[in-house]
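Student: Could we go through this one together? I'd like to know what stands behind each label.

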Amino acid sequence: GITRDYKFDIRMQNVMRLCQAKSIVTVNDQFPGPTITAREGDRVTVKVVNHVQYNVTIHWHGIRQLRSGWADGPAYITQCPIQTGQSYVYNFTITGQRGTLFWHAHVSWLRVTMYGPIIILPKRGVPYPFPQPYKEFPIIFGEWWKADTEKIINQTLKTGGAPNVSDAYTINGLPGPLYSCSAKDTFKLKVKPGKTYMLRLINAALNDELFFSIANHSLTVVEADAVYVKPFETSTVLITPGQTTNVLLKTEHRHANALYLMAARPYATGPGAFDNSTTAGILEYHLPSPKTKKTTKLPLLKPTLPIFNDTTFAMKFNRKHRSLASSKFPAKVPQKVDRRFFFTVGLGLHPCSNPNKTCQGPNNTMRTASVNNVSFVMPNIALLQAHFCNQSKGVYTTDFPANPPFKFNYTGNPPSNIMASSGTKVVVLPFNTSVELVLQDTSIIGAESHPLHLHGFDFFVLGLGMGNFNPNKDPSSFNLVDPAERNTVGVPSGGWVAIRFLADNPGVWFMHCHLEVHTSCGAQDGLDCDGTGSAASQKLPPPPSESP
Ligand code: C2O
C-alpha cells in the first residue's frame, strides 16, 4: 500500500438551508465534508487543524484500527479533544477491509455537520465479487436543524427531556423538494440508461433509522458496513445511523428521459415524537445521443416506502444479510465462546438518581441501560486521564459479574429488571477472547431500535428476534455459517440481537448506541435517558492486558 495524506481544516461556514442561514462547523469549508479515498492496505494520515471555538475529534467509523487505537477518535476515550488552535495527526493503516465507511466528529453533537465518506477500494487489480459498476456515487443521509445543535443538546441534558426533532433529513447535505423552501437544494443523480451504478449509502443522521428507496427501481445490496454480503434484491433499504450499505442500481432503457424521486424517511416503532418527513433527491436519466432533447416536463415518479413502523419489513430486511463465506472471503465466526455479556438497552428501570426527581420511569425509576445488570456510573475522572495520571486506583473496579442473569421479563410493561446495580466496572479481556453479546431491548414503549456500534471490531450477527431472548432456545437457531459481519446493528424495539466477535485488537474501545441523543444521555450520570450511552459501553472495552 501507499500513504495518502489528507489535511482537514475545521472552520465555521455559513450555509443556507430551508431559507435560513446558519453558521456550521465544516471540514475544508465543505458540507458534507471531503471524501477519503484509499485502497485496502494503504496508510492514511489526516492532519486535523482546529480553527473553531469548539473542541473537536474525528472518528473513522468502521476502520478497525489494528494497533492504532489512539487514532480511533472518540473524545475522552482514546484521545483528548483537539482544542482551538491545535492540531492532531491521525495515522492508520487500512488492513483487511474494503468498501464504504464514513468519518464523523466524535465529540458532543458536532457530527451533525462534520461527516464525509470513506471509500476503500480493493487492492489494485482485485475486482469486486460482483459486476464492475459503470460509476459509483456516495449518498450520505443526514439531519438538519435550523437552530444551533450545541444549544439543543445542552438544553436536553439539563432537562432530561427529548431533544427537538430535526427540521429536515438530507441527502448529501440537501433536504430536497418535499420540504418547503428547499426545492433548489435537491440532490440530483444523473445517469445513462443500460448501465449499472453503485450507490454507497451512508446513514450519518444523528437520531433516525431510515428507509430509502428509488421510484420504479429495485436495488441489489452487495455490501454492508464494508463487508461484502450475498447479493439480494430489495425495493427499499433500511439503514441505521452508523451503518453503510452498497447497492447496485440498474438503469433501464424503458426509463430513458424520465425523472424519478429517491426518498428517505425514518423507521420508528412507536408513535412518539419523531419527524416523519421525507428527504428526496432526483434520479435523472440522460440519453446518450446528444440529438435527443432533454425532457424536463415529465412528472416525478415517487417511490413507495414502507410505513413508518413496518417492523416486519425491518426484521426481514435485516435477516437477509449474509456474508459471502466463500474461500476468498471466509466468515471466521468464532465457534466457541469465552465470555458472555448481556446488555439491556432502552427502558431498563433503575432507582431515580436525578436530583430534580424528574425521572420518566414508573414508581420513581429512571430509564437506563445495563450490562450484566450493572448500570454504569460516570467516574469523576475520565478513564483515559486516570490512566495517564497513574490514578486508576479507585476510579473503577474489575469485579464484573461473570454471567448474565436472564431472569427478568425485559419486554413487560414495565420491564421487571428494576434490580440493576450501579458501578464503574471494567472488563479486561485477554487477547483473542471470543466474546458473545446478547443485546436485549427493553423499550416496549420506546420509539426506535437502538443501533449499537462497536469501535475497533466487526462482529457477526448470529440472530435476532422479538420479545425476550431465550437462552435455552434461541442459540440453537444462531447462524454460525454465514452471518453478516458488521460494526453497527439495529436492536429491534422490544426484541434482541446476538453478536459474536474475537477480541483480537488491543486497546480501549467504545461501544455505544449510534443515536446521538442516547450517547449524550449515557455520558451524564443521573440523567433520565432511554438509551445506551458511552457509559454503559465503557464497561466493555476489550482492553489490553496492559503493556508491561
Ligand atoms: Cu460512528 Cu462512536 O461512532
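Student: What are the helix and strand percentages over residues 10-123, and how far apart are the end C-alpha atoms?

Tutor: Quick caveat: this is a predicted model, where local features need pLDDT of at least 70 and side-chain atom pairs count only at pLDDT 80 or more, while totals for chains, interfaces and linings use all residues. Residues are numbered from 1 along each chain as its sequence is written. Residues 10-123 come out at 0% helix and 46% strand, with the end C-alpha atoms 31 Å apart. Helices (H or I, at least four residues) and strands (E, at least two) are DSSP runs, numbered from the N terminus.

Student: Why is strand 9 called largely enclosed?

Tutor: A residue is buried if 20 or more other C-beta atoms lie within 10 Å of its own, exposed if 12 or fewer, and partly exposed in between, with C-beta atoms placed from the backbone. Seven of the ten residues in strand 9 (residues 135-144) are buried, so the rest of the structure largely encloses it.

Student: How do you know that strand 9 pairs with strand 12?

Tutor: Pairing takes at least two bridges found by DSSP. Strand 9 and strand 12 (residues 196-203) have seven, in the parallel sense, and Ile-140 sits opposite Ile-202. With strand 10 (residues 168-171), strand 9 makes four antiparallel bridges; there, Phe-141 partners Ile-171.

Student: What makes the sheet 28-25-30 open?

Tutor: Its three strands pair antiparallel in that order. Strand 28 (488-491) and strand 30 (511-513) each have a single partner strand, so one side of each lacks a neighbour in the sheet.
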